[in-house]
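My notes are below the structure.

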Amino acid sequence: MGTRQDEQAGFSTERPRERAIVVGVNLPDAWLGGKGGACDLPELAALADTAGAEVVGRIEQTRPKPESATFLGSGKLAELKEMVVEREATLVVFDNDLSPAQGRNLEKHLEVNILDRTELILDIFAKHASTRQSRLQVELAQLQYLLPRLTRLWSHLERQAGGIGTRGPGETQLETDRRLLGRRIAVLRNELKEIESNRRTQTASRDEVFKAALIGYTNAGKSTLMNAITQADVYVKDQLFATLDATTRRVDVDERRRFLLTDTVGFIRKLPHHLVESFKATLQEVRDADLLVHVIDASAEDPAHQIASVDKVLRELAPKKAKAGNVEPLQKPMLMVFNKIDLVDGELFANRYGRMYPGALFVSGVDPAGGAAVRDAILDRRLGGEMIRTVRLPLAKLGVLSSFHRTQSVLEQSFEGDFCLATLRLSEIELNRLLSREGAELIADS
Ligand SMILES: Nc1nc2c(ncn2[C@@H]2O[C@H](COP(=O)(O)OP(=O)(O)OP(=O)(O)O)[C@@H](O)[C@H]2O)c(=O)[nH]1
Ligand SMILES: [Mg+2]
């Protein structure tokens, strides 16, 4: 694949595309403490396509648990082998994470490269990283992922140098041992720390300015909205993880109506943990934001599923102060923006999701009016201000909290006799409504 610079300059540096078969095993949700769940082959195919492969086949299986040696059962494995030969596949990609041994066994049996979802995503990140910071972050994530898998990597690279999944750390690391890898990891961490502290010094002066960050599932249209609102020239493309670096621009309507807007890396279902860890510096912009603008692709097959995936990544970003196992989302005001509304029946969609997400916007980022609506809503939030308050609510009124739950605005909740104590993120209007109409009582000191 050519780089984006090549692409923008009109060069073509394409090498023959790998021919990939995508494979997924649906497991019960609870398998291995929540690591199971249904697979998503259309999304995996989109990832493979973004990585530069041509998808030539799909295989899906439902099992109570994976086969320990080969993940797939023997019947499906035989079917896969046949498909590999028949369609001249050069690569098999699994939606599930494989253990090093499973990967090795599958490679031996199928005689093609095997990648799992994590490796594929890491590969796309490696290909899209264009700044020093994002390159270091990707390398760090790759090394951490590869460290326990070194033996498999050896055989993997002996067979095919330069294919998908072999980009990145490259041959030099191959010749090193674990100790050297460990040292490289430490060096990368230090360099990233330095970049981060420089960024902090540079942005310290921006501290009093209101900051909004565009977040959301990959390909939802964050960069499109960024460009519409700020006239920035951020890279927009119909592919996954087009954006890896945070871009911040000032929006200045007048003295009072001004804020900083940041566009950042997209999230995805099962975003590899190592990536979230290494991208903490980039994602610091999200943590620093006063307002999260959550962009959702209204034309996605299941927007609610994407919202849930984004919330899950946000929980990983939340400060670790809380008790173990705590799953609080990042405690920030959030503006929900359903984008690409031009691709769906807008009225029907807004009716349905407007009820679930009060205060949400329904826009099209490719229409200038869409950008203006989001900009004005950010300004409204900035000037209107949300607050965090604790209320005591009769149990019989618990239902009124459902809309707060849906927008991740219930920050804490506990029960006391016939009452519920809820710490909510809400506007003055919502608070007044709870107090005057729902029999809620404001708890002092909150
Ligand atoms: N029809 C339509 N297409 C849109 C809209 N907004 C964005 N797109 C298209 O959707 C694709 C993805 O847009 P991006 O702005 O790159 O999405 P992103 O959220 O920044 O994606 P990543 O950076 O890859 O995570 C592009 O092809 C856009 O042209 C919209 O409102 N309507
Ligand atoms: Mg983007």
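**Conventions.** I worked on a predicted model, where local features need pLDDT of at least 70, side-chain atom pairs count only at pLDDT 80 or more, and totals for chains, interfaces and linings use all residues. Residues are numbered from 1 along each chain as its sequence is written, chains are lettered from A and ligands numbered from 1 in written order, and side-chain values use heavy atoms, with hydrogens and water left out.

**Six-stranded sheet.** I took helices (H or I, at least four residues) and strands (E, at least two) as DSSP runs, numbered from the N terminus. I counted two strands as paired if DSSP finds at least two bridges between them. I read the order as β6-β7-β5-β8-β9-β10, an open sheet with mixed pairing. β6 (247-252) and β10 (361-362) are at the edges with a single partner strand each, so one side of each has no neighbour in the sheet. I then looked at β8 (residues 291-297) and β9 (residues 334-339), which pair in the parallel sense over six bridges. Ile296 has Phe338 in β9 as its bridge partner.

**Helices on that sheet.** Contact here means heavy atoms within 4.5 Å. Axes are lines fitted to C-alpha atoms, for helices over the stretch in contact, and angles run from 0 to 180 degrees between N-to-C directions. I found α11 (residues 222-230) packed on the sheet, touching β5 (211-216), β6, β7 (258-263), β8 and β9. The direction of α11 makes about 150° with that of β7. Helix α13 (residues 280-288) also packs on the sheet, touching β5, β6, β7 and β8, with its direction at about 120° to that of β5.

**Four-stranded sheet.** I read this open sheet as β12-β13-β11-β14, with antiparallel pairing. Its edge strands, β12 (410-416) and β14 (441-442), each pair on one side only. β11 (residues 387-394) and β13 (residues 419-426) pair in the antiparallel sense over eight bridges. I noted Arg425 in β13 as the bridge partner of Ile388.

**Second largest pocket.** A pocket is an open set of points on a 1 Å grid over the protein atoms alone, where a 1.4 Å probe fits, with protein on both sides within 12 Å along at least five of seven lines; lining residues have an atom within 4 Å of a point. I noted 28 lining residues, of which Pro358, Arg381, Glu386, Ser427 and Glu430 lie nearest the centre. α18 (428-437) gives the most to the lining, with five residues. Domain 2 (208-384) and domain 3 (387-442) both give residues to the lining, so the pocket lies between them. The domain bounds come from an automatic or database domain assignment.
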